[in-house]
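Here's a quick briefing to read with the model open beside you. Have a look first, then go through the points by topic.

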Amino acid sequence: MLTAISGGIGSGKSVVARMLQAMGYEVYDCDSRARRLIDNSDSIKQSIARELGACCIAADGSLNRKTVSDIVFNDAGKLGILNAITHAAVREDLAEWNREQTGRLKFVETAILYQSGIDRMVDAVIEVAAPVDVRVERIGQRNGLERDDIIRRIESQNFIAENPHHTIYTILNDDTTPILPQLQAILSVLTD
């Protein structure tokens, strides 16, 4: 069984993913895997340069992530182009990873479940939710970004699915409600 851990930037999905890893579960991290796929694929980098501009590739041939972020988080169309380039590679990599895992219950951490098409690959979804003010504070402390930049990133991930996944569990991560009991309750259902 493959279960998505989803939620927008600053929601705390990585906290939930780390808890699951500490419990011995396998977790596929879309962000780090996408980064590795891009870093190791000249064709993906060439596509990004062609669609977003040569400025996206540094002199040493690596992806200039700051430039790419500045471009895509200020232009929804450009974000869509970047996502189209990377999502297919991530889905293929996730499918291969899932086949290689031996555990009965596996997880995939993703901020953009529906936009990436990963919703069609999973059996259930754990949605990690947090109030916007809490998310803004977390992101500001972690990334050192200004509030306007944070809000743009949050808004770039806002997406209302026409057909939400049929099995969704929610974890509230508001810095007050304990996460572990919520996660354990969900795991007891998933392992039943």
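Helices (H or I, at least four residues) and strands (E, at least two) are DSSP runs here, numbered from the N terminus. This is a predicted model, so to speak: local features need pLDDT of at least 70, side-chain atom pairs count only at pLDDT 80 or more, and totals for chains, interfaces and linings use all residues. Residues are numbered from 1 along each chain as its sequence is written, and side-chain values use heavy atoms, with hydrogens and water left out.

- Glu109 is found in strand 3, which covers residues 106-110.
- Glu109 is buried, where buried means under 20% relative accessible area, exposed means over 50% and partly exposed falls in between (1.4 Å probe, protein chains only).
- For charges, Lys and Arg count as positive and Asp and Glu as negative, while His and the chain ends are not counted; a salt bridge needs a side-chain nitrogen of Lys or Arg within 4 Å of a carboxyl oxygen of Asp or Glu.
- The side chain of Glu109 does make a polar contact of 2.5 Å with the side chain of Ser14. A polar contact is a pair of N or O atoms within 3.5 Å; within protein, one must be able to donate a hydrogen and the other to accept it, and residues adjacent in sequence count only if both atoms are side-chain atoms.
- Leaving out residues up to four places away in sequence, Glu109 touches Ile5, Lys13, Ser14, Ala17, Val27, Tyr28, Asp29 and Cys30, with contact meaning heavy atoms within 4.5 Å.

**Aromatic pairs**

- How many aromatic pairs does the structure hold? There are two, counting rings of Phe, Tyr and Trp (its six-membered ring) whose centres lie within 6.5 Å; planes under 30 degrees apart count as stacked, over 60 as edge-to-face and the rest as tilted.
- Tyr25 and Phe107 have ring centres 5.4 Å apart and planes at 85 degrees, so they're edge-to-face.
- That pair links distant parts of the chain, 82 residues apart: Tyr25 sits in the loop between helix 1 (13-22) and strand 2 (26-29), and Phe107 in strand 3.
- Tyr25 is partly exposed at 22% relative accessible area, whereas Phe107 is buried at 0%.
- Tyr28 and Trp97 also have ring centres 5.4 Å apart, and with planes at 65 degrees the pair is edge-to-face.
- Tyr28 lies in strand 2 and Trp97 in helix 5 (residues 76-100), so this pair ties together parts 69 residues apart in sequence. Both Tyr28 and Trp97 are buried.

**Cysteines**

- The disulfide count comes to zero, a disulfide being a pair of cysteine sulfur atoms within 2.5 Å.
- Cys55 is partly exposed, with a relative accessible area of 45%, while Cys56 is buried at 0%.

- Glu127 lies in strand 4 (residues 124-129) and is partly exposed at 27% relative accessibility.
- Beyond neighbours within four places in sequence, Glu127 is in contact with Ser6, Gly7, Ile168, Tyr169, Thr170 and Ile171.
- Ser11 lies in the loop between strand 1 (2-6) and helix 1, and is buried at 2% relative accessibility.
- The residues Ser11 touches, not counting those up to four places away in sequence, include Val128, Arg135 and Asn173.

**Exposed spots**

- Asp175 has a phi near 70 degrees, a positive value in a residue other than glycine. Most residues other than glycine have a negative phi.
- Asp175 sits in the loop between strand 5 (168-172) and helix 9 (179-190), exposed at 58% relative accessibility.
- Ala54 is in the loop between helix 3 (42-52) and helix 4 (65-72), and is exposed at 62%.
- Ala76 lies in helix 5 and is exposed at 67% relative accessibility.
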